[in-house]
Each structure stands twice: as structure tokens, then as C-alpha cells.
Amino acid sequence: MKILFVGAEALPFASTGGLADVLGSLPAALKRAKGDDLDIRVVLPLYQSVNEKYRKDMKLEAEFQVQLAWRSQYCGIYSYDLQGVTYYFIDNEYYFSRGTLYGNFDDAERFAFFCAAVMEMMPKLDFYPDVLHAHDWQSALTVIYLRTKYSWIAEYQKMRCVYTIHNIDYQGIYDFDILGDVFALSDLERPIVEYNGKINLTKGAIVCCDRLTTVSQRYAEEIQTDYFASGLQYILRMYSGKVMGIVNGIDVDYYNPATDPALLETYTPRTVEKGKAKNKAELQRVFGLPESPNTPIVAMVSRLASHKGFDLVKYAMEGLLSRDVQFVLLGTGEAELESFFENLQKRYPEKVSIMLAYNKDLSKQIYAGADIFLMPSKSEPCGLAQMIASRYGTVPVVHEVGGLFDTIHPFNPETKEGNGVTFYGYDAMDMLDAVIRTIDIYNDHDLWKVLRSNAMKMDFSWASSAGKYLDMYEGL
Ligand code: GLC
């Protein structure tokens with residue numbers, strides 16, 4: 001079976017969030033599960049930020065011109081093999097030699113070019129996958145092109161396609177004046193992408209794909225409701241027969257406290273007591289907080305966006321800080337939130353420490369050194385941080401939503417089951433109550449050991465989800 005993943009980012013090459021984790025680990029997991037019977041390849045843009053250490057070993061596979069409406073643009077295809085997976089890179093410096101991955105005025109054109117290049121790459125490499133698997137709006141046009149511009153060509157007709165929504169808040173919405181000029185679609189194709197009077201690329205992919213997946217079971221249900229769908233509920237209900245949820249896994253080798261080179265001291269479930277104590281002291285040093293071994297550290301590693309639950313955190317912070325607790329935060333984002341936390345840090349220098357950055361190694365030091373991991377997202381398609389925290393023995397406190405609901409099960413002190421603490425209502429006081437309940441368990445050392453060990457024992461590897469993807473591909 002031949003599969004081609006299409007997406008805008010993949011670790012270790014380019015990353016701004018969870019999508020990169022998935023595209024960097026699911027293909028290898030599929031390969032492990034299926035072995036030689038599976039030929040899996042991934043394609044993404046060759047951004048300026050892709051490190052020289054990968055570039056120098058890339059192989060030039062093809063060079064050709066891509067036609068996008070009236071433009072004719074150069075396209076180079078480079079390849080790099082990693083863990084049995086071939087990664088292809090679409091090279092065009094005009095589009096991808098920019099300081100950032102997204103946020104340019106011409107993102108629509110950049111990713112339209114990317115999608116057109118992916119479609120044109122197939123005959124050049126003589127690689128026609130059995131399943132084209134596109135991820136998020138930046139690659140939605142491949143699914144749309146497959147069923148429109150390319151639908152008369154035999155090789156493309158045989159192809160099945162899957163579209164995965166990693167976050168429904170980002171849909172690729174544009175005005176109709178660029179339908180032909182940028183997306184190279186004709187008026188006949190207009191109804192496919194039209195939604196609420198605009199071009200909506202996600203909607204187009206929902207219509208055109210054979211299967212629509214999202215990254216947790218719960219989120220698959222949620223996106224068919226008005227509250228969570230960001231406006232797409234009608235179309236998702238219409239096509240609900242296509243929709244399924246498969247929960248993400250994490251790369252358990254990359255996120256492994258027993259071997260992680262980013263940690264001061266590695267540890268296993270057996271040595272967790274000592275290991276976490278050392279990492280905690282180091283974390284307190286790095287973040288400039290008093291080295292107090294018995295003060296619980298509540299941590300957040302997150303994009304600073306209100307939908308990540310910060311509108312609750314803002315209200316609950318004073319209540320939380322009235323306790324013996326330390327709070328550390330790593331992330332960047334909305335200016336208003338950044339200044340809120342800067343201000344909080346000034347007022348509580350002994351208790352609050354923040355770093356406004358996106359830093360993989362530092363995030364791992366937090367997963368290892370903190371005690372409690374707070375993730376109160378308003379909506380969360382899957383979420384990876386709660387699984388990573390759990391694996392590092394940092395107890396997650398989460399809002400019961402999306403993938404958080406699917407992966408974190410509330411601890412019951414009677415039965416001793418559960419790997420975290422959860423709250424139901426999206427409410428600051430409910431959240432604060434959950435954190436305080438967790439601190440109470442923390443202060444009961446025997447109970448805490450049980451909860452922490454439950455958390456560490458969870459299997460968040462890709463193994464079972466990889467099987468579900470393979471079943472779906474086979475079915476198609
Ligand atoms: C997006 C979602 C996140 C998910 C990730 C990978 O970043 O917001 O919940 O875990 O994609 O699927």
C-alpha cells in the first residue's frame with residue numbers, strides 16, 4: 001500500500017505546533033506497524049528555517065514548472081529519508097524563503113502553489129499513492145484538485161483521499177475574487193468551496209474527501225455541534241457518515257524521561273521520586289524561583305491564546321497564588337496575555353515565573369520538573385502536552401473536552417484509578433477547584449505516588465491508533 005501525507009509542517013524539519021508532532025511521528029509508526037507492505041511518504045514545503053544539517057543530505061529528485069492560474073513557477077523536489085519514511089520538500093524560494101511559516105499576506109497563494117506542486121509531483125516521480133492523506137487547510141486544495149482538475153486522469157481517479165482536521169478554527173477562508181486568480185478553480189467549481197458567501201478550503205475538502213478524520217473521538221462528535229464547529233456544523237452534519245475520530249499518539253522515544261537528553265537527570269517509573277526531585281530543583285533554578293522541594297509547581301506550556309483556557313487562568317490566578325504554590329509558564333502568543341503574565345510575575349516574583357518563548361528543550365525540562373500540568377483549553381482537538389506531561393509523571397489537570405476528555409481520566413482516591421484531574425464546566429472556579437483538589441492529593445504523599453504512577457504508566461504510543469489508520473486505508 002502506498003500512502004502520501006501532505007501537510008504544512010513536520011518535525012524535525014519545521015514546527016510551530018502539534019501538527020508537526022503528528023506528521024513527524026505517525027508515518028514512522030505506520031511503517032513500524034506494517035513493515036515492507038507499506039510505502040509511506042510525506043510532502044511539505046522547503047522553508048528557509050529547515051536546518052542545514054538536513055538540507056545537506058537532501059537529494060534533488062526533480063525540477064519542473066508549476067502552472068498556477070496565469071503564473072508559471074519553478075518547483076524543485078528534494079527528498080530525505082528518515083526512519084523508513086521518505087520526506088519530500090517542495091522548493092521555491094519566492095514562496096518559502098520567508099522568516100515565518102505562516103502569517104504572510106499571500107499565504108493563500110503560497111499554499112495553493114504548494115498543493116498544485118504536490119499534484120504535479122506525482123507523475124514526475126512516478127509515484128501515485130493509493131491514498132492521498134491531507135492535513136489541515138494548507139493542504140486542503142490537494143483533495144479538491146484531486147476531485148476537480150485532475151479527476152479525468154486515470155491514475156488520479158484510482159486514488160482515495162483522506163482529509164484530517166487538526167483544528168477546525170483554522171479553515172482557510174478567502175474572498176471569491178481569488179477563486180480563479182489564485183486557487184485556479186473555475187466558476188463551475190465554485191459550489192464545492194463556497195460556504196457562507198466565501199471560499200472555505202476546509203469545506204471544499206470535506207465535500208471532496210472519501211474520509212474525514214479528526215484527532216480524537218470526542219472532537220469528531222464536538223465538531224458537529226454549533227458550539228465547537230466554528231461555523232462548519234451544517235456541512236459536517238451533512239457529511240457525518242464520512243467523519244471519524246482517531247486519537248493522536250506521541251513519539252514515545254522522543255518524549256521519554258528515561259533517555260531524554262534535555263533533562264538534567266533521566267528517570268523511569270521506578271526512580272521517579274529522585275529523578276523528578278532533581279529536575280524540579282533545576283527547574284526552580286532555571287526559572288529563578290526559590291528551591292523549595294515541597295512546594296507544588298503548577299506548569300503550563302502553551303500557545304498564549306485565550307481558547308487555550310487563559311481566560312479562566314486569568315480569573316483564577318489570584319486564588320491559586322494565595323496558596324503555597326509556584327507557577328511556571330512557557331509560551332508565546334497574544335500580546336495582552338503576555339503582558340498579563342509579565343505583570344503577574346512582577347507582583348509575585350517568588351511564585352510566578354514565565355518565559356515568553358517556543359523552546360522544545362525547555363518544555364521538556366518543565367514536563368520533567370513540574371508536579372502539576374494545567375491544560376484548561378476551551379476546545380482541544382487532541383492536545384499532546386497532557387500526554388507528554390503524564391508520561392513524565394506530571395499530573396495533568398484538564399478541561400473535559402476533545403482529546404483531553406479521551407486521554408485523561410479523573411483520579412478516584414477510593415478505587416485509585418485515573419491518570420489526572422478533570423473539570424467539566426468551562427468556568428474559572430471549576431478549574432481552580434480542580435487544581436486545589438490536585439494540590440490536596442499532592443500533599444498526601446502516598447496517594448500522590450499512586451496518581452503519578454498511573455499517569456506514567458499510560459500507553460500514549462501510536463501503536464493502537466496506527467492500527468486504526470491502517471484499517472481505514474485498507475477499507476478505502
Ligand atoms: C492542533 C490541535 C491539537 C492537536 C494537534 C495535532 O494543534 O490544536 O489539539 O493535538 O493539532 O493533531
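This is a predicted model: local features need pLDDT of at least 70, side-chain atom pairs count only at pLDDT 80 or more; totals for chains, interfaces and linings use all residues.
How many cavities of 30 Å³ or more does a search of the whole structure find? The search finds one.

**Stop 1: the cavity**

Select Val313, Ala316, Met317, Leu320, Leu374, Met431, Leu432 and Val435, the residues that line the largest cavity. By class, the lining is made of eight nonpolar residues, with no polar and no charged ones. Two helices, H12 and H17 (428-443), each supply at least two residues of this lining. H12 gives the most, with four residues.

**Stop 2**

Two packed helices are described by the angle between their axes and the distance between the axes.

To display the contact, take these two sets:

- from H12: Phe310, Val313, Lys314, Met317, Glu318 and Leu321
- from H13: Glu336, Leu337, Phe340, Phe341, Leu344 and Arg347

The residues of this contact divide into eight nonpolar, no polar and four charged. Val313 and Met317 belong to the H12 side of the contact, and they also line the cavity of the previous stop.

**Stop 3: the six-stranded sheet**

Next, colour the strands E15, E14, E13, E16, E17 and E18, which in that order form an open sheet with parallel pairing. Which strands are at the edges? They are E15 (352-355) and E18 (421-423), each of which pairs on one side only. On average, neighbouring strands of this sheet are turned by 20° against each other, direction ignored.

Within the sheet, zoom in on E13 and E16, which pair in the parallel sense over two bridges. Select Val298 and its bridge partner in E16, Ile372.

Now bring back H17. Where does H17 lie relative to the strands? It lies across E13, E16, E17 (395-399) and E18, and runs at about 165° to E18. H17 is also one of the helices that supply the cavity lining.

**Stop 4: the largest pocket**

Switch to a surface view for the largest pocket, with a volume of about 1200 Å³. Among the 46 residues that line this pocket, the closest to its centre are Thr16, Gly17, Gly18, Arg303 and Lys308. Centre the view on these five residues.

The elements that give two or more residues to the lining are H1 (18-34), E13 (297-301), H14 (360-369), E16 (372-375) and H15 (385-391). H1 contributes the largest share, four residues. By class, the pocket lining has 23 nonpolar, 15 polar and eight charged residues. E13 and E16, which contribute to the pocket lining, are the pair joined over two bridges in the sheet.

**Stop 5: two backbone details**

Select Leu11 and Pro12: the peptide bond from Leu11 to Pro12 is cis, with omega near 5°. Pro12 is placed in the loop between E1 (2-6) and H1, and H1 is the helix with the largest share of the pocket lining.

Finish at Asn196, in the loop between E9 (194-195) and E10 (198-200). What is phi of Asn196? It is near 50°, a positive value in a residue other than glycine.

Conventions:
Residues are numbered from 1 along each chain as its sequence is written. Side-chain values use heavy atoms; hydrogens and water are left out. Contact means heavy atoms within 4.5 Å. Ala, Val, Leu, Ile, Met, Phe, Trp, Tyr, Cys and Pro count as nonpolar, Asp, Glu, Lys and Arg as charged, and the others, Gly among them, as polar. On a 1 Å grid over the protein atoms alone, a cavity is a set of points where a 1.4 Å probe fits but cannot get out, and a pocket is an open set with protein on both sides within 12 Å along at least five of seven lines; lining residues have an atom within 4 Å of a point. Grid points are joined across faces, edges and corners, and a volume is the space filled by probe spheres set on the points. Two strands pair if DSSP finds at least two bridges between them. Axes are lines fitted to C-alpha atoms, for helices over the stretch in contact, and angles run from 0 to 180 degrees between N-to-C directions.
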